[in-house]
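Hi everyone, thanks for coming. I'd like to walk you through one model today, so please have a look at it with me.

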Amino acid sequence: LHCALNMETVEMNSVSLKRPCSEDDVANADEIKRQKISEESKTGKDSGQSVETVTEQPDKSLLEDAKSEIIPNEESEEQEDEELEGSDEDGDPESFADMMKHGLTESDVGITKFVSSHKGFSGILKERYSDFVVHEIGKDGRVSHLDDFSVPVDDEDPSEETFTVLSDEDKQRLEELQLLKNKETSVAIEVIEDTKEKRTVIHQAVKSLFPGLETKTEDRDGKKYIIAYHAAGKKALANPRKHSWPKSRGSYCHFVLYKENKDTMDAINVLSKFLRVKPNIFSYMGTKDKRAITVQEIAVLRITAQRLAHLNKCLMNFKLGNFSYKNHPLKLGELQGNHFTVVLRNITGTDDQIEQAMHSLREIGFINYYGMQRFGTTAVPTYQIGRAILQNNWNEVMDLILKPRPGAEKGYLVKCREEWAKTKDPAAALKKLPVKRCVEGQLLRGLLKYGMKNIISAFGIIPRNNRLMYIHSYQSYVWNNMVSKRIEEYGLRAVPGDLTLKGATAVHIKEGDVDNYTIHDVVMPLPGFDVIYPKHKIGEAYKEMLVADNLDINNMRHKIRDYSLSGAYRKIIIRPQNVNWEVVAYDDPRIPLFTTDLDKLEGKPLPVLPTDGKFRALKMEFSLPPSTYATMAIREVLKMDTSIKNQTQLNTTWLR
């Protein structure tokens, strides 16, 4: 997301999800979309432009997309924090609905089908961030919970006095020495009330709180001083001293991070600042949503559980616990998935509708679409930029990222774009940006450095993950469209020519074997040079869609290796595990409807709910594998459009 709005009212944090007018209307929208794509491919127009949609669009509501394994949007989480603080729009503000009319709808990104037959109903998702709770499921199938604040007992740990013996002034001087912020080569700390025990505690405090510093004792004018100095120059900061860590203890402290309304990278940046270490000594299996309560495992290199537990006294919005020492870090993607607990408030469905919807979710599942957040939220979807990269059309890439665009944008971004359109001068456009770490700022810096004739190198200044996000978005766009076509053409059964996985290898389902397979066995490819395609109409449809986008399905290698797509396979239907639900009545929308791990640890009682309240809420629980979107499961239950033209990423500041 390139922009944020300064919303005046907290009511905007929730979203009312209204179902489409009827299932026929959804089918009609699908037909309109297909006709439009085919017309545009004939005229050479960009097929990514928004389409008239027949779904009923509630005004003034925000939807944040929640996903089992969250995928970063165009800016990294760190950048967003800096970029999206407040807003400085000026001029006559358009109405919120007008500004958001340029966003995407589901049909723009191929999300058009449902698998269930029940009648949809309305509800409010994430009225409070505590209505959405995510627990990580580790590779051993264990669900992460915060249920223990105790610290493993270790004779090697320093005493509690370690944390209090140094004055704030001492800590400040030691930090500056540790981070090489001043020219001093050492810091002297006078030992008041000198005893051997007191000196030992100061030695321990410096070494454990400021990795990379060594200490020695010196006599000066009859007084004892502890002298702190650098053990091994700059490298010591990144690699805390090996000899200070007991051999018998695992090098990594694993812990459970419980966080509220904060994204994972934010939390790690805060922890690293408090601990005075670099963020890259932390590892985790997946990033988690911001606007939610999430519980996940984190590992950190050579930081004691004692130091981590000490942070619980001063941290806002998160807690650390369940400490243990192990010999390995965590790796991205090593998780089995996530368990979701979701409250949909103010629901309109009858008990029968809800039972039907939830039974269908448990027995059949939902279409494994890539959710709306995969495609960005502004008038220029991320998949269009991805397509231009794959086409090797670098002027188009530059233009799509920098040109003026309709819709909601921060004031300084609007001015930056206007300056760019007028002058094509990167230096002049950069002057309009107070924040240079957004994607626009990075690209302009690159253009300033490498010149307008070398857009490829200029674009390369953007962090690699963010660049790849664009082409992954295009793959997802193709996949969503093809899956909708596949379900329309052949329904919810396996047919000859479909693909299924044998181990990690995709094979075609043969005519004689088709009865051995169900829709749950069928996979579809994300386009690339290392995948095969279905041997029926949909295989041809892939080729046609890429031809319309001036791409060759048989040549997905790019002259820049980073942008070569190998492809992958993805199940078309996901059946959530551990599905449970109940309908509860409530009067006060501010009252939480279940207890969290932290509530249980703090002994908070269960909320007392009326038997006959003014409102009804659907509490649902389910587990999903990585890279599946919880909002796509919720879409299937409510039969609603999760975009509502103004859906936004989970971790934008206008939802803070």
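The buried residues of helix α14 are V439, E440, G441, Q442, L443, L444, G446 and L447; buried means under 20% relative accessible area, with a 1.4 Å probe and protein chains only. Helices here are DSSP runs of H or I, at least four residues, numbered from the N terminus. This is a predicted model, where local features need pLDDT of at least 70, side-chain atom pairs count only at pLDDT 80 or more, and totals for chains, interfaces and linings use all residues. Residues are numbered from 1 along each chain as its sequence is written, and side-chain values use heavy atoms, leaving out hydrogens and water.

Helix α14 covers residues 439–450 and spans 16 Å from first C-alpha to last, close to the expected 16 Å, which is 1.5 Å times one less than its number of residues. Just after α14 comes G451, with a positive phi of about 90°.

Now, which residues does F459 contact, beyond its neighbours within four places in sequence? They are I389, W394, V397, I401, L443, R467, Y470 and Y563, with contact meaning heavy atoms within 4.5 Å.

What about disulfides, meaning cysteine sulfur pairs within 2.5 Å? The count comes to zero. C438 is in no disulfide, and the nearest cysteine sulfur, that of C416, is 7.1 Å away. C438 counts as buried because its relative accessible area is 0%. C253 is buried too, also because its relative accessibility is 0%.

Technical notes
Helix = DSSP H or I, 4+ residues; strand = E, 2+ residues; numbered from the N terminus. Buried < 20%, exposed > 50% of the residue type's maximum accessible area, 1.4 Å probe, protein only. Disulfide = S-S within 2.5 Å.
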